[in-house]
Amino acid sequence: MNMPAELENRPRGETTRTGLSKDTLKQAFLDNLFYVQGKFPKLASLQDYYLALAFTVRDRLLARWVSTAETYTRTGSRTVAYLSAEYLLGPHLGNNVLNLGIEEPLRAAVQELGLSYDALLVQEVEPGLGNGGLGRLAACFLDSMATLEIPTLGYGIRYEHGIFAQDIVDGWQTEKTDVWLRHANPWEIARPEWAVEVKLGGHTERYPDDKGQERVHWVPGRSVLGVPYDTPILGFRNNTANTLRLWRAEAVEAFDLPIFNKGDYWGAVQRKVESENLTKVLYPNDEHLQVKELRLAQQYFFVSCSLQDMMRIMRVQEIPLTSFHEKFAAQLNDTHPAVAVAELMRLLMDEHGMNRSLAWKITRQTFAYTNHTLLPEALEQWPVALFEKLLPRHLEIIYEINDHFLEQVRLQCLTDTERVSRLSLINESGERHVRMAHLACAGSRSINGVAALHTELLKQEVLSDFHFLTPEKFSNKTNGVTPRRWVGLSNPRLTSLIDRKLGVGWLTDMERLRELEAFAEDAEFRAEWRDIKRINKEIYAAYLRSVTGVAVDPDSMFDVQAKRIHEYKRQHLNVLHIVARYHRLRSDPNLEVTPRTFIFGGKSAPGYYMAKLMIKLINAVGSVINHDPLVRDRMKVIFVPNFNVRTGQSLYAAAELSEQISTAGKEASGTGNMKFMMNGALTIGTLDGANVEIREEAGAENFFLFGHTAAEVARFKHEGYDPIHFYEANTELQAVIELIRDGFFSRGDGELFKPLVENLLWHDPYLLFADFESYVNKQMEVDQAYADREGWSRMSILNTARSGKFSSDRSIREYCDEIWKVKPVSITMADGFTPSL
């Protein structure tokens, strides 16, 4: 690294903590390297340089962060409390630099110090605090809330180990521990002074208070300490920096000296180990009872910490607890935080002496519930025995809520005892369970789905009884993604082109992209559009070669399916088409087809065998095709290991065809489909989730639709679906299944893929066989469309131009206006901000 001879060229009045000029940034970088890292250039590693750069950028955030907190505290602003067990944030550095608008001077400063800005960016370890779409949606929403100046506190768990790192070994997924905190996290600040105590286990005791009213005292079996770690979430080109507060579990007493003095070292630290295990790992596999207990404890731990923290904020702002629902709009991001309903009731009644009626009124006015699934098995239910062991007071409260709730239900349903049973918060069939989605519905003033089709199916099927009871609670809030990360940061060349044509500002006003429609007819603009996509593909092809060893042709179509691996998402339908295509080329080497690179990415849950077998199948098919000299120049199949936010950014920018092929009626929304669309990829998909709205926005002529509708799928299921019927009627499908079943892609091992093949032949729960012919035919139409490069470019431009609806800014405005009733609060930060008492 070059040490500059003179670093006092920064503008007058700028400080090294907040200044944005190149010379000030250089001085700040060196100061952080020396005073924070304790290093000088001779000893510094790339990681040290990254941390110095991160602290330099964080300093610029801190003035905004403190100003934001001060404004919210002074004004007592109504605040969104976003409760989510997952946040898939992605790398912070590049996103914060973009939002601050300082990439140019910062890149120049780093370069003048003899370092590579891009090399430092990749040193950041991505915090994998989510499994996929749910956590990424939460991160997009936080970005939009800060950009729209919405007072917000995000609450979650500071998992020591996030989602596993995925390796592919002999075609199989293997999992490695995620150690994202190995080099510490420069973006967070611990707040131990705001730690709270969380009780677990034990029993309850009843006693009369001084007015003779019966009260309940929870005597816990053990307690843990919840310590908050705060991360600033910066808005785009404004002064708002909201807070993401993640909770870490610690022992109330970390070391038991008397036990240690008796020679029992393990006993002296046992409480510390047991307490810290609570936030040790993201969503442990919950097949075993002991692990189920840990997962429920995680969920309760973070909502209890969060609600206690919200009450602390009210004390600081001198707001009475009776106004809790007026101060906070608490959003339950799926069922994971649903136990918050019972916990708020406990805090209000047991800790603050409020009567049940008032506590219930406040609770119901505080919470709103977002449902994210149409799969009944994904609606969490906890065994009553487990609940009683871990949360005995909450089970009592849930029983009380249920008794009063079912009284109201009976008044509306009269003699419909089956509906009453279905609405009960307790599932009485077999082993008794607490239905967490039911608790969320009963304890919230609003229930929303995340795509128009999803919301209708919630009303008609999954939550139909609740819709019958309280239809006014239901609304749709179609998901969205932040264009700052998924276009501005991911696709800088495209961003620059749009800036030149539309001017700046469209990243916060995505409806302005409609102005691009006129350029779809401009041949020069289409050529520039194609050139940008070609460069993005070259960059991604180089990345693919570095991680997989497979060389791909940037002139081939990049056909991408990147999402969590699951049977309903139907990655194996994609594979069936690939095998059919391969079979056609082997049968007729002169067949004219569009060269394609089929790219897959995504992780399977560690205990989900069928999904892991699908990953093995993708890699097995790819291994054969990629080494076959007859076809390897016309098709390649790649599985990208460890797909995450960072790798997704470059993939979305390079993709040309977006595979959104889930069984209709199974996907709640999807957000990857939106990211692909914003970056100009065309969609081949079913009428499922947000695909319906994407097709409406893009235009049917710019979307490749196939497959049965949700209504047709439901009819198949009702009348009895027979996959053999479709199998016997399609000779190409027979040939495809025969190749897989007979071991062509598994070195003659006919047993390897037998579970998958047998499942399709005799069950096919997600209707691959029913949709196969339609899918393959539509892929032929894709080939024809791609051969017309001008026409394809026109469709690509129109997809981007019409993607404005799918900005998370639009989603958040709808939540604010229709559910939360929260207004923006502008943050003013004086020039040359300096802290003062």
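In the predicted model, the second largest pocket is lined by 38 residues, and those nearest its centre are Glu 103, Gly 488, Leu 489, Ser 490 and Pro 492. Here a pocket is an open set of points on a 1 Å grid over the protein atoms alone, with protein on both sides within 12 Å along at least five of seven lines, whereas a cavity is a set of points where a 1.4 Å probe fits but cannot get out; lining residues have an atom within 4 Å of a point. The space in the second largest pocket amounts to about 1,200 Å³, a volume being the space filled by probe spheres set on the grid points, which are joined across faces, edges and corners. Among the elements that each supply at least two residues of this lining are α3 (93–100), α4 (103–112), α19 (483–489) and α20 (492–502), helices being DSSP runs (H or I) of at least four residues and strands (E) of at least two, numbered from the N terminus.

Residues are numbered from 1 along each chain as its sequence is written. Because the model is predicted, local features need pLDDT of at least 70 and side-chain atom pairs count only at pLDDT 80 or more, while totals for chains, interfaces and linings use all residues, and side-chain values use heavy atoms, with hydrogens and water left out.

The largest cavity has a volume of about 160 Å³, and of its 15 lining residues Leu 89, Asn 95, Asp 143, Ile 233 and Arg 485 lie nearest its centre. Two or more residues of that lining come from each of α3, α6 (133–147) and β11 (222–234). The second largest cavity has a volume of about 110 Å³.

Helix α23 (residues 609–626) packs against helix α30 (residues 754–762) at an angle of about 110°, with the axes 9 Å apart; axes are lines fitted to C-alpha atoms over the stretch in contact, and angles run from 0 to 180 degrees between N-to-C directions. α23 is therefore roughly perpendicular to α30, a term that covers angles of 65 to 115 degrees. The contact (heavy atoms within 4.5 Å) is made by Tyr 609, Met 610, Leu 613, Met 614 and Leu 617 of α23 and by Pro 755, Leu 756 and Asn 759 of α30.

Glu 517 lies in the loop between α20 and α21, and its relative accessibility of 25% makes this residue partly exposed, the class between buried (under 20% relative accessible area) and exposed (over 50%), with a 1.4 Å probe and protein chains only. In helix α11 (residues 340–351), eleven of the twelve residues are buried.

Note on methods
Parallel < 35°, antiparallel > 145°, perpendicular 65-115°, else oblique.
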